[in-house]
Amino acid sequence: MINYTDKIPNNIDLGRDRVLQRALEHWQPAYLNWWHDTGPTESHAFDVYLRTATSVEPDGWAQFGYVRMPEYRWGIFLQPRDEKRQVNFGIHKGDPAWQEVPGEYRSTLRRVIVTQGDTEPASVEQQRMLGLSCPSLYDLRNIFQVNVEEGRHLWAMVYLLHRYFGRDGREEAEALLERRSGDTDNPRILGAFNEPTPDWLAFFMFTFFTDRDGKFQLCALAESAFDPLARTCRFMLTEEAHHMFVGETGVTRIIQRTCDVMKENKVEDPSDVRALGVIDLPTIQRYLNFHYSVTLDLYGSDVSSNAANYYTSGLKGRFEETKINDDHLLSEAAYPVSEVVGGKIVVKQVSALTALNERLREDYIREIESGVSRWQRVIDKAEIPFRLTLPHKGFHRAIGNFAGHFISPEGEVLSEEAWKNHQFEWLPAPGDHAYVQSLMSGRVVEPGKFANWIAPPTRGINNQPLNFEYVRFN
Ligand SMILES: [Fe+2]
Ligand SMILES: [Fe+2]
């Protein structure tokens with residue numbers, strides 16, 4: 001059970017480690033200042049119907065009630081320890097899982113944790129203005145839920161830094177509160193986390209595509225030989241599922257509404273669709289292309305000696321490592337990666353160890369494909385002849401083998417000029433952003449009401465009705 005009587009709720013018996021407790025209690029006000037300055041704008045007095053973790057057991061961890069977000073009980077929750085857990089891959093395979101950080105891997109592991117930790121506050125910063133244009137109280141509550149949980153994920157990584165990395169860890173924990181998404185002088189570490197999330201379509205795409213990258217990274221870290229990291233990530237994954245739900249259903253509801261309006265009014269042309277105040281399907285496709293491509297970059301280079309080292313040394317595993325039936329060493333195995341040679345995309349075999357980023361990216365793509373086909377079903381059901389497609393994975397890439405090449409969504413290698421001539425057929429044009437923004441000029445806050453451009457969800461949160469007062473403004 002989680003101890004909520006402590007200043008910092010936890011299930012790690014924090015009170016027994018006075019030094020750690022003091023260090024975290026020192027970090028806590030800095031965190032709250034960060035939340036105040038860069039968390040959801042003008043939200044500090046709202047009572048929000050939020051879930052709070054009360055235990056880490058799969059069936060008993062969520063409790064719902066009204067909370068003012070600055071009073072949300074952010075804390076430290078780890079999956080319980082399995083005393084028999086072993087290292088499941090790499091050269092230390094078969095050793096007992098590590099309870100402390102081996103000196104030789106200290107700086108690498110710290111880097112991995114900082115990079116993961118940095119994404120959590122970044123997304124809160126990216127989304128901070130969206131509450132002002134929410135399409136309903138239900139959606140407003142959902143974005144706030146995502147935001148407070150990303151805040152908690154930051155706590156999770158900061159706990160590891162403070163507990164296991166001494167002074168370096170404490171400095172990194174402070175720096176996590178100092179970087180800012182999109183800041184020119186002190187940006188967040190990864191590219192996609194410096195992109196603006198200017199509207200709700202972007203938010204839903206972000207939670208579908210980019211939070212899912214979070215899921216796959218956490219899954220790989222949940223395999224880590226460093227047991228406290230594995231246990232921390234396991235619990236974060238239970239929260240992440242809701243974020244992806246928000247994204248997938250959000251886009252589904254936008255598509256649903258667009259299709260309903262198209263059918264009712266018998267229109268297909270995007271400008272006619274826009275005249276009716278909903279988001280045309282080609283614009284949804286362009287947003288999809290953007291969010292998918294910038295998220296693919298987050299997996300890193302297709303061929304990476306760092307990825308190989310992380311794996312060999314046991315720091316970061318593969319997706320569902322223990323379910324894979326092989327030697328978990330990969331010393332002999334090969335894996336196909338794409339590259340551009342002489343104006344053509346060719347596939348070549350490389351050492352599977354160096355291709356682990358690409359492998360994780362492909363695991364991710366498989367899950368994305370099934371989500372996109374669920375969106376397609378909404379369009380098919382409405383009998384509208386439009387296909388949502390995932391662009392080729394080389395499209396609009398800035399990292400890896402496709403970086404510096406100009407690949408069309410269909411996977412043709414183009415000249416820079418040819419690509420640029422088409423870019424706004426493929427990616428959101430300034431006019432698309434302006435149109436979507438124009439739909440979201442104010443917030444819809446009457447219980448049970450939804451903005452014109454989005455369908456209501458099929459059910460409320462925690463079995464509450466759709467017209468439940470999910471947020472009270474006071
Ligand atoms: Fe997160
Ligand atoms: Fe998330």
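Author: Helix 8 contributes the most to the lining of the second largest cavity, with 3 residues. The model is predicted, so local features need pLDDT of at least 70 and side-chain atom pairs count only at pLDDT 80 or more, while totals for chains, interfaces and linings use all residues. Residues are numbered from 1 along each chain as its sequence is written, chains are lettered from A and ligands numbered from 1 in the order in which they are written, and side-chain values use heavy atoms, without hydrogens and water.

The second largest cavity holds about 50 Å³ of space. Its lining consists of Gln126, Ala192, Glu195, Pro196, Thr197, Phe206, Thr210, Phe290, His291 and Val294. Helix 5 and helix 8 (281-296) are the elements that give two or more residues to this lining. By class, the lining has 5 nonpolar, 4 polar and 1 charged residues. Some terms need their cut-offs here. On a 1 Å grid over the protein atoms alone, a cavity is a set of points where a 1.4 Å probe fits but cannot get out, whereas a pocket is an open set with protein on both sides within 12 Å along at least five of seven lines; a lining residue has an atom within 4 Å of a point. Volume is the space filled by probe spheres set on the points, which are joined across faces, edges and corners. Helices (H or I, at least four residues) and strands (E, at least two) are DSSP runs numbered from the N terminus. Ala, Val, Leu, Ile, Met, Phe, Trp, Tyr, Cys and Pro count as nonpolar, Asp, Glu, Lys and Arg as charged, and the others, Gly among them, as polar.

The search of the whole structure finds 2 cavities of 30 Å³ or more. The largest has a volume of about 90 Å³, and its lining is formed by Gln116, Thr119, Glu120, Ser123, Glu150, Phe193, Phe206, Thr210, Asp211, Gly214 and Glu240. Two or more of these residues come from each of helix 2 (106-126) and helix 5 (200-221). The lining divides into 2 nonpolar, 5 polar and 4 charged residues. Phe206 and Thr210 line both cavities.

Turning to the open spaces, the largest pocket has a volume of about 910 Å³. Of its 44 lining residues, Leu190, Asp297, Leu298, Tyr299 and Gly300 lie nearest its centre. At least two lining residues come from each of helix 2, helix 5, helix 9 (305-312), helix 10 (356-381) and strand 5 (406-407). The lining comprises 21 nonpolar, 14 polar and 9 charged residues.

The second largest pocket contains about 440 Å³ of space. It is lined by 19 residues, among which Tyr138, Phe245, Thr249, Thr458 and Arg459 are the closest to its centre. Helix 3 and helix 6 (227-265) each supply at least two of the lining residues, and helix 6 gives the most, with 6. By class, this lining has 7 nonpolar, 8 polar and 4 charged residues.

The angle is taken between N-to-C directions, on a scale from 0 to 180 degrees, of axes fitted to C-alpha atoms, for helices over the stretch in contact; contact means heavy atoms within 4.5 Å. The sheet is open and has 3 strands in the order 2-1-7, with antiparallel pairing. Strand 2 (62-68) and strand 7 (471-472) are its edge strands, each pairing on one side only. Strands count as paired if DSSP finds at least two bridges between them. Strand 1 (residues 47-53) and strand 7 run antiparallel and are joined by 2 bridges, and Val48 has Val471 as its bridge partner in strand 7.

Leu330 is not a glycine, yet it has a positive phi of about 65°. Leu330 counts as buried because its relative accessible area is 4%; buried means under 20%, exposed over 50%, and partly exposed in between, with a 1.4 Å probe and protein chains only. Ala334 belongs to strand 3 (residues 334-341). With 47% relative accessibility, Ala334 is therefore partly exposed. Leaving aside residues up to four places away in sequence, Ala334 touches Gln349, Val350 and Ala352. The C-alpha atoms of Ala334 and Ser351 are separated by 4.5 Å, although these residues are 17 apart along the chain.
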